[in-house]
Amino acid sequence: MTLAAPKNSLLSLPNELLLLVYDSFEPWDLLAHVCYHQLHSRTQACYARAYMTDFWQNLLFYNGLVTPFSEMEPTKAFWREAAFGYANHAWTCTHSVCGRQRLEANRAIIREKLETWNPEDWDGTCILDSRAADFRGRIDSNDIFRYIDFNNSFPRHDLDVETLSKLAGKCAFLRADPDVDDGWHTADLLHNHPIILDSFATFPPIDWLRIFHGFLEDEDSVSETTNDYGVTVHDALTLLATHLEKGITPNTIEELVMHGPWDDSENVHDPFPDSWSQSDAVLAAHRVGHWFQVTRWRGFGFHVFDETGYVATVDCEGKWLPEDVQSHIDRYTYPRTS
Ligand SMILES: [Zn+2]
């Protein structure tokens, strides 16, 4: 049974006016559209045209999102349901860098990129062909990486990609403030935040991400992932999760202290307090995952690699650490499991 609309309510308007209300929404406003679609069967009818187009898929793109799907071609209903899911998360998530704030941040940078980029640079889906080497320096990393740290539940590196993908959001956590570091007591598991995980890793979004891992031996130092709909934060994390459990040798730590993992002399820094001995540094950062506990992940830098395109480097910067190494280790001793 449908209740009669009270007089003077939105739903007492004729269909033509409901369509005008629909047209008044900014085409990028995910929350307004989901709200209006779910309001009533009559407002839902305004979306009849949308079902003939890529409306819902485009709406997600303009909000910096691409939702994971199986091998089959996703249907229009799939994209619409995904939009509902993200809207519901945006309405309920209280994390200061997720929810509505993240949608707005994503929209702002997508809008900026679409205004400044030559449309010829884009293919039909607005995903950048990242194998073109002349894009160096024109790709921005999603700033969300600054808020991501890893807990000690590093997945085994010999797991298959599908399993690693499931674990990637469970071995990472999301900070409210990257400048406040008290372990993960004020942080939340990244797994709980689909808007973050499914946001594009870069702006403009790229279809192929090749990462140089400066902290690894040569045979493992480059790995890559592809996503025809745009590489996501989750895709990038899955790639990195392959290496979190791997050890860093004392010699490599010395190299990292001198140059960072990016082999770029401009970024020289020493992340450790003066009070830490060399063995303290080794104790605190003996695995790749631990390295991210003593430095803050800034995101990706992009450098020309060879004629096949560029490589992304994992850029880090020093963060505040306590004077004694044991205090640091204690902060990271009790991983959250849920
Ligand atoms: Zn969230």
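The legends below describe close-up views of a predicted model.

**View 1. Helices H2 and H5 cross at roughly 110 degrees.** Helix H2 spans residues 30-39 and helix H5 spans residues 76-92. Their axes come within 10 Å. Because angles of 65 to 115 degrees count as roughly perpendicular, H2 is described as roughly perpendicular to H5.

**View 2. Residues at the contact of H2 with H5.** From H2, the contact involves Leu-30, Leu-31 and Val-34. On the H5 side they meet Ala-83, Phe-84, Tyr-86, Ala-87 and Ala-90. By class, the residues of this contact are 8 nonpolar, with no polar and no charged ones.

**View 3. An open sheet of 4 strands with mixed pairing.** The strand order is E7-E6-E9-E8. Strand E7 (222-226) and strand E8 (295-306) are the edge strands, and each pairs on one side only. On average, neighbouring strands in this sheet are turned by 30 degrees against each other, direction ignored.

**View 4. Pairing of E8 with strand E9.** E9 covers residues 309-318 and runs antiparallel to E8. The two strands are joined by 10 bridges. Within this region, Val-304 stands opposite Tyr-310 in E9.

**View 5. Helix H9 packed on the sheet.** H9 comprises residues 233-241 and touches strand E6 (208-212) as well as E7. The direction of H9 makes about 150 degrees with that of E7.

Technical notes
Residues are numbered from 1 along each chain as its sequence is written. This is a predicted model: local features need pLDDT of at least 70, side-chain atom pairs count only at pLDDT 80 or more; totals for chains, interfaces and linings use all residues. Axes are lines fitted to C-alpha atoms, for helices over the stretch in contact, and angles run from 0 to 180 degrees between N-to-C directions. Angles under 35 degrees count as roughly parallel, over 145 as roughly antiparallel, 65 to 115 as roughly perpendicular and the rest as oblique. Two residues are in contact if their C-beta atoms, placed from the backbone, lie within 7 Å. Ala, Val, Leu, Ile, Met, Phe, Trp, Tyr, Cys and Pro count as nonpolar, Asp, Glu, Lys and Arg as charged, and the others, Gly among them, as polar. Two strands pair if DSSP finds at least two bridges between them.
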